[in-house]
Amino acid sequence: MNWFAHDSFQNKLIVMLMSVSITTLVLASAGFVWQQNHTVLTNKKHQIEILAQATAYNLSATLAFEDQQAAADLLQALRVDEHIIYAELRNQSGEIFSTYGVRPVQQTEHMLSITEPVMLGGARLGELSILSQLDGWLDFWMQKKKLIFAIIFVALLAAFMIALWLQKGLTKPVRLMAKAMRKVSDERDYTVRVKKVSDDELGQLVDGFNSMLEKIESHEQELDDKVQARTAELKHELDERHRAEQVRDSVFHALNLAGEGIMLADSRGQVNYINPAFSQI
């Protein structure tokens, strides 16, 4: 996840929005596919059960009178459902009384088996077993799945475009602040301000950022004013010292040229200066 930590806020936002969209769509689609598949299989099973009940009811008389031909003719009515591949009617002893279609060698998971008792006057005369092929229904459902996948793809594409559009509005204040921070850091320019584009939390962040820059600018201005004032004071002191030195030099020059002997001493009697005339004397 190092690439994500060092990536830009703009790309992170796109990744997060797309992750949420993809997760939501995948979960919703998986739930929808499972629900629809369950509904299709339930409806198909219910349809065959109704057909088996009706056929078993009609076959009760054929078992009672042991009329195999009539039973075979009634089983031919199962052709109404093209997915029914085999059916068998067993008598009370469990022996096969009549059949329809060809019994598959092995029953697969794509086959649906329904068994219905054949009753007459409350007595059980036998049972009817129907085997239906679900491949046709699965093919039809796979076509639906392709349509669902196409819808998911279009939805993801739309989500990506919306994410691009949203991130521009959401990341604009952040990008403006980052640009301003770079300018402040590189140029020491505290006069820059970030344009406020919204009144939400990002807008409050922009207000705080601008307020911080204003305080820094004010503090920098105060420091500049103090520096300028102190500089003026130092310049004045230097000028005064320079003038004092000029006056001192002028006085000593005059004393050195004087014809009288001159000696300067402090209050303790320590001699600090004697002019050339005094030295000659």
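**Close-up views of a predicted model**

**View 1. A nonpolar patch on the surface is formed by Phe153, Val154, Leu157, Phe160 and Met161.** The structure shown here and in the other views is a predicted model. Together, the five residues named in the title have about 510 Å² of accessible area. One of them, Met161, is found in helix H4, which covers residues 135-187.

View 2. Rolling a probe the size of a water molecule over the atoms shows where empty space is left. The residues that line the largest pocket are Tyr86, Glu88, Arg103, Pro104, Gln107, Ser113, Thr115, Ser129, Ile130 and Leu131. Two or more lining residues are given by each of strand E1 (84-90), strand E3 (111-120) and strand E4 (123-133). Strand E4 supplies the largest share of the lining, with 3 residues.

**View 3. Glu66 lies in the loop between helix H2 and helix H3.** Helix H2 spans residues 9-64, and helix H3 spans residues 68-75. Most residues other than glycine have a negative phi. Glu66, a residue other than glycine, has a positive phi, near 50 degrees. Is the side of the chain at Glu66 buried or exposed? Glu66 has a relative accessible area of 63%, over the 50% cut-off, and therefore counts as exposed.

Key: Residues are numbered from 1 along each chain as its sequence is written. This is a predicted model: local features need pLDDT of at least 70, side-chain atom pairs count only at pLDDT 80 or more; totals for chains, interfaces and linings use all residues. Side-chain values use heavy atoms; hydrogens and water are left out. On a 1 Å grid over the protein atoms alone, a cavity is a set of points where a 1.4 Å probe fits but cannot get out, and a pocket is an open set with protein on both sides within 12 Å along at least five of seven lines; lining residues have an atom within 4 Å of a point. Helices (H or I, at least four residues) and strands (E, at least two) are DSSP runs, numbered from the N terminus. Buried means under 20% relative accessible area, exposed over 50%, partly exposed in between (1.4 Å probe, protein chains only). Patches are made of residues with over 30% relative accessible area and no salt bridge: like charges are joined within 9 Å, nonpolar side chains (Val, Leu, Ile, Met, Phe, Trp, Tyr) within 5 Å. Accessible areas come from the Shrake-Rupley method with a 1.4 Å probe; for residues, only the protein chains shown count as cover. A salt bridge is a side-chain nitrogen of Lys or Arg within 4 Å of a carboxyl oxygen of Asp or Glu.
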